[in-house]
Amino acid sequence: MAIPSGSGTEVLRRVIKNGVTDWVVAIDGVANHVYTILSIICCNQASNGTVSIRIDDGVNADNYILDQAPCNTAETYVWNDKFVISGTDELDIKSSQNSDWVITYIDQDWS
């Protein structure tokens with residue numbers, strides 16, 4: 001994606017995914033968008049398990065930023081390091097047990 005030179009919009013958004021037990025696309029990127037991820041929160045609703053986060057850039061499908069971090073029964077895992085995905089990148093999340101997720105991010109639209 002080229003560096004934007006025109007006007008665009010910047011919107012604060014959130015995604016909620018309930019009952020995650022396998023890989024799920026949390027943010028499905030769109031061309032000419034930049035997504036700044038602010039926080040990812042996972043609450044484990046079931047027994048002891050793990051959580052994973054990856055970025056699929058369409059070239060190297062498994063760009064893990066978190067791989068099988070422990071998240072025990074009734075615990076909450078918080079990822080609050082900011083990072084950016086852009087264009088058609090996907091942000092994927094996974095739980096080994098039934099978990100609820102909340103992702104907050106800034107969506108910059110340069111289309």
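Predicted model: local features only at pLDDT ≥ 70, side-chain atom pairs only at ≥ 80, totals over all residues.

Biologist: Where is valine 78 placed?

Modeller: Valine 78 is in strand E6, which covers residues 76–79.

Biologist: Which residues make the nonpolar surface patch?

Modeller: Ile16, Ile41, Val78 and Val102 make it. The patch has an area of about 280 Å².

Biologist: Now the inside. How many residues does the largest nonpolar core have?

Modeller: That core has 22 residues. Those with the most contacts inside it are Ile27, Ile37, Ile40, Phe83, Leu91, Trp101 and Ile103.

Biologist: Which strands each supply at least two residues of this core?

Modeller: E1, E2, E3, E4, E5, E7, E8 and E9. The largest share, four residues, comes from E3.

Biologist: Switching to serines. Where is serine 95 found?

Modeller: Serine 95 is in strand E8, residues 90–95.

Biologist: And is serine 95 buried or exposed?

Modeller: Buried. Its relative accessible area is 0%, and the cut-off for buried is under 20%, so serine 95 qualifies.

Biologist: What does the side chain of serine 95 make polar contacts with?

Modeller: One partner is the side chain of serine 99, at 3.3 Å. Another is the side chain of tryptophan 101, at 2.9 Å. Tryptophan 101 is also among the core residues with the most contacts.

Biologist: Leaving aside neighbours within four places in sequence, what is serine 95 in contact with?

Modeller: Val20, Thr21, Asp22, Cys42, Thr50, Val51 and Trp101.

Biologist: How far apart are serine 95 and proline 70 in space?

Modeller: They are 9.8 Å apart, C-alpha to C-alpha. In sequence, 25 residues separate their positions.

Biologist: What about serine 52, which strand does it lie in?

Modeller: Serine 52 lies in strand E4, which runs over residues 49–56. Serine 52 is buried, with a relative accessible area of 4%.

Biologist: What does the side chain of serine 52 reach?

Modeller: The backbone nitrogen of glutamine 68, at 2.9 Å.

Biologist: And its contacts, leaving aside neighbours within four places in sequence?

Modeller: For serine 52, those are Trp23, Leu66, Asp67, Gln68, Asp92, Ile93, Lys94 and Trp101. Trp101 is in contact with serine 95 too.

Technical notes
Residues numbered from 1 in each chain as written. Heavy atoms only, no water. Patch = residues over 30% accessible without salt bridge, like charges linked within 9 Å, V, L, I, M, F, W, Y side chains within 5 Å. Areas by Shrake-Rupley, 256 points an atom, 1.4 Å probe, with all protein chains shown as cover. Salt bridge = Lys/Arg side-chain N within 4 Å of Asp/Glu carboxyl O. Buried < 20%, exposed > 50% of the residue type's maximum accessible area, 1.4 Å probe, protein only. Contact = heavy atoms within 4.5 Å. Polar contact = N/O pair within 3.5 Å; in protein donor to acceptor, adjacent residues only side chain to side chain. Core = buried A, V, L, I, M, F, W, Y, C linked by side-chain atoms within 4.5 Å.
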